[in-house]
Amino acid sequence: MDEFDVGKWAIPALAISASAAVSWWYRHRRGWHSWPAIWKTILGSLVVARVIFVLQNAPEYAGEPLSIADLSDGGFSDAGGILAAFVLGAHFTARTGTPRRPVLAGILTGAVVWIGGAIGTVNFAPPSTPVSR
């Protein structure tokens, strides 16, 4: 936990920025204020994605339980977070009366950027150094 790699946060930051841009567009073009629902959805889905990642990798975290809070490992469950975003988005729009279209557009935009970034990272990342045994 001594260092914090900004590169690991580039994809989530781009996804949140893309969702914010879509929310801004709907606000200024249509007059629909959806950012509070999108923001709550983003925060909730990030928490769910982290919890799912920790549960999937429980043996690694069992030795040091405090390392669960160390977000510098960049561990999020992509599928779990995106699914949680859709569920939470539906919940917040139903509860607050926020129009569904801007929230869905913001979630879809963020999901596409997140998935695209994850695919790009896997496909275009430099090859890792082989581990000698």
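Predicted model: local features only at pLDDT ≥ 70, side-chain atom pairs only at ≥ 80, totals over all residues.
Reader: Why is Leu-55 called exposed?

Author: Exposed means over 50% relative accessible area. Leu-55 has 63% relative accessibility, so Leu-55 counts as exposed. You will find Leu-55 in helix α2, which covers residues 35-56.

Reader: Which residues of α2 are buried, and what covers them?

Author: The buried residues of α2 are Ala-37, Ile-38, Thr-41, Ile-42, Ser-45, Leu-46, Ala-49, Arg-50 and Val-54. Their cover includes α1 (10-29), α3 (58-62), α4 (78-96) and α5 (100-124). Over the protein chain, buried residues make up 32% of the 133 residues.

Reader: What elements does the protein chain have?

Author: The protein chain has 5 helices and 0 strands. From the N terminus on, the order is α-α-α-α-α.

Reader: Now the rings, please! How many aromatic pairs are there, and why is the pair of Trp-25 and Tyr-26 called edge-to-face?

Author: A search of the whole structure finds 5 aromatic pairs. For Trp-25 and Tyr-26, the ring centres are 5.1 Å apart and the planes are at 85°. Centres within 6.5 Å make a pair, and planes over 60 degrees apart count as edge-to-face, so Trp-25 and Tyr-26 form an edge-to-face pair. Ring pairs also link Trp-25, Tyr-26 and Trp-32 into a cluster.

Reader: What makes Trp-25 partly exposed and Tyr-26 buried?

Author: Buried means under 20%, exposed over 50%, and partly exposed in between. Trp-25 has 36%, so Trp-25 is partly exposed. Tyr-26 has 10%, so Tyr-26 is buried.

Reader: Why is the pair of Phe-76 and Trp-114 also given a name, and which one?

Author: The ring centres of Phe-76 and Trp-114 are 6.2 Å apart and their planes are at 85°, so this pair is edge-to-face. Phe-76 lies in the loop between α3 and α4 and Trp-114 lies in helix α5, so the pair ties together parts that are 38 residues apart in sequence.

Reader: Are Phe-76 and Trp-114 buried or exposed?

Author: The cut-off for buried is under 20%. Phe-76 has 13% relative accessibility and so counts as buried. Trp-114, with 14%, is therefore buried.

Technical notes: Residues numbered from 1 in each chain as written. Heavy atoms only, no water. Helix = DSSP H or I, 4+ residues; strand = E, 2+ residues; numbered from the N terminus. Buried < 20%, exposed > 50% of the residue type's maximum accessible area, 1.4 Å probe, protein only. Contact = heavy atoms within 4.5 Å. Phe/Tyr/Trp six-rings, centres within 6.5 Å; stacked < 30°, edge-to-face > 60°.
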